[in-house]
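Please keep the sequence and the structure in view while reading.

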Amino acid sequence: MQSLLGHQPALVLKGCRFRLSNLTVAILGAGKIGSIMARSFSDCGIHVIATARSRERIEKLRMQGFEATSDNVYAVEKASVVFISVKPYQYPALAWQIGGHVSGKPVVSVMAGIPLRVLRKTLPGAEVYRAMPNLNAAVKRSATGLVAPSNAQYKELIKSILSCMGSVYELPEQLIDAWTAVAGSGPAIIAEFIDSMILAALAVGIPRDLAYDAVLESIIGTAEYLRTRPVHPAQLRDEVTTPGGTTIMALKIIEGKGMKSALIDAVEKATARARKLAREIEERIEEQHENSGAS
Ligand SMILES: NC(=O)c1ccc[n+]([C@@H]2O[C@H](COP(=O)([O-])OP(=O)(O)OC[C@H]3O[C@@H](n4cnc5c(N)ncnc54)[C@H](OP(=O)(O)O)[C@@H]3O)[C@@H](O)[C@H]2O)c1
């Protein structure tokens, strides 16, 4: 840790978290998720150097108050920790630029589908991690999956940085595609459910604004209830369900239309899709890496 931070003495454990205020982090490819990460990290006191290719995006990042550049090598060399958030197909070109400059540094990829094995090969000497945040990072409520290498030296530091976006859960690498389906696609699935509930509320005559509040508050409240009490969701359901009452009528219809099996099917299909994309990306990257003459 000493060598990584050099003269940055402010990085000390506080409780079980690091003080991050003297840390410089590079975010290579600060597009949609990268700029959300930049905001979260910056709010934690981290100095962020964000990169992009286009002048427009760099200007936008500067307007948001970040140091921004198209020079990935400069960003890597200035930073103690490097995050990569380009699209997977954009990665080979980036790896080609920075591959010789990351040795000894922790590098965290948030790209879907690129395994540690390929990251290690293309970023020689770096300590590589994979992380999968979700869109809720924008409100500091990401459920971020983290895959750390064995004998990781910088894991606690990386967890501290990622926790600027919300909660962090360590996973074995074989679960990352499933995590992408559940937590990555989760906000979209839940948004679809919220939209359906709002339409249902409109159907029974609740005005739109009230419907929106009723649905959102019920979802937030139910999540909070389950989070803070040791109650299984089925137990909560049974507590609400009076014999012969209104809830059982609703549950009967939901059961008949197969909501649970639709959701299980949806997540299984999304996981299979993530795995297939991962295989395709890996093949393409291996091919490009070999064609580029790198070993
Ligand atoms: N979006 C999500 O919710 C989410 C969640 C978790 C993980 N991810 C992962 O995050 C990655 C990015 O997704 P995204 O939705 O944020 O994509 P995006 O908005 O397209 O962002 C990618 C950014 O990378 C920049 N870029 C591309 N090549 C570059 C290079 N060689 N040097 C510097 N910058 C470069 C692009 O710059 P220009 O704009 O200038 O071309 C763009 O701003 C993907 O791998 C995805 O799997 C996304």
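## Around the ligand

The largest share of the shell around the ligand, 3 residues, is supplied by helix H2, where helices (H or I, at least four residues) and strands (E, at least two) are DSSP runs, numbered from the N terminus. Helix H2 (32-43) and helix H5 (91-98) each give the shell at least two residues. The shell holds 28 residues, of which Gly29, Gly31, Lys32, Ser54 and Met111 come nearest to the ligand; a residue is near a molecule if its C-beta atom, placed from the backbone, lies within 6 Å of it.

Sorted by class, the shell has 14 nonpolar, 10 polar and 4 charged residues. In this sorting, Ala, Val, Leu, Ile, Met, Phe, Trp, Tyr, Cys and Pro count as nonpolar, Asp, Glu, Lys and Arg as charged, and the others, Gly among them, as polar.

## How the model is read

This is a predicted model, in which local features need pLDDT of at least 70 and side-chain atom pairs count only at pLDDT 80 or more, while totals for chains, interfaces and linings use all residues. Residues are numbered from 1 along each chain as its sequence is written.

## The chain and its domains

The chain has 13 helices and 10 strands, and its C-alpha trace spans about 70 × 40 × 40 Å along the principal axes. An automatic or database domain assignment gives the bounds of domain 1 (2-176) and domain 2 (186-257), and the centres of these two domains, taken over C-alpha atoms, are separated by 37 Å.

For residues 173-277, an unreviewed UniProt entry lists "domain: Pyrroline-5-carboxylate reductase dimerisation"; UniProt positions are given in the numbering used here, feature names are shortened, and annotations may be inferred rather than shown by experiment.

## The buried interior

Of the 295 residues in the chain, 33% are buried, meaning that 20 or more other C-beta atoms lie within 10 Å of a residue's own, whereas exposed residues have 12 or fewer and partly exposed ones fall in between, with C-beta atoms placed from the backbone.

Ala50 touches Ile27, Ala30, Gly34, Ala38, Leu61, Phe66 and Ala68, leaving aside residues up to four places away in sequence; two residues are in contact if their C-beta atoms, placed from the backbone, lie within 7 Å. Helix H7 is mostly covered, as 6 of its 8 residues are buried, and Ile161 is one of the buried residues in H7.

## Residues in loops and a helix

Lys140 is found in the loop between strand E8 (127-132) and strand E9 (142-147), and its phi is near 60°, a positive value in a residue other than glycine. Lys140 counts as partly exposed because it has 15 C-beta neighbours inside 10 Å.

Asn151, in the loop between E9 and helix H7 (155-162), is not a glycine either, yet has a positive phi of about 55°. With 7 C-beta neighbours inside 10 Å, Asn151 counts as exposed. Arg117, placed in helix H6 (residues 116-122), is also exposed, because 12 other C-beta atoms lie within 10 Å.
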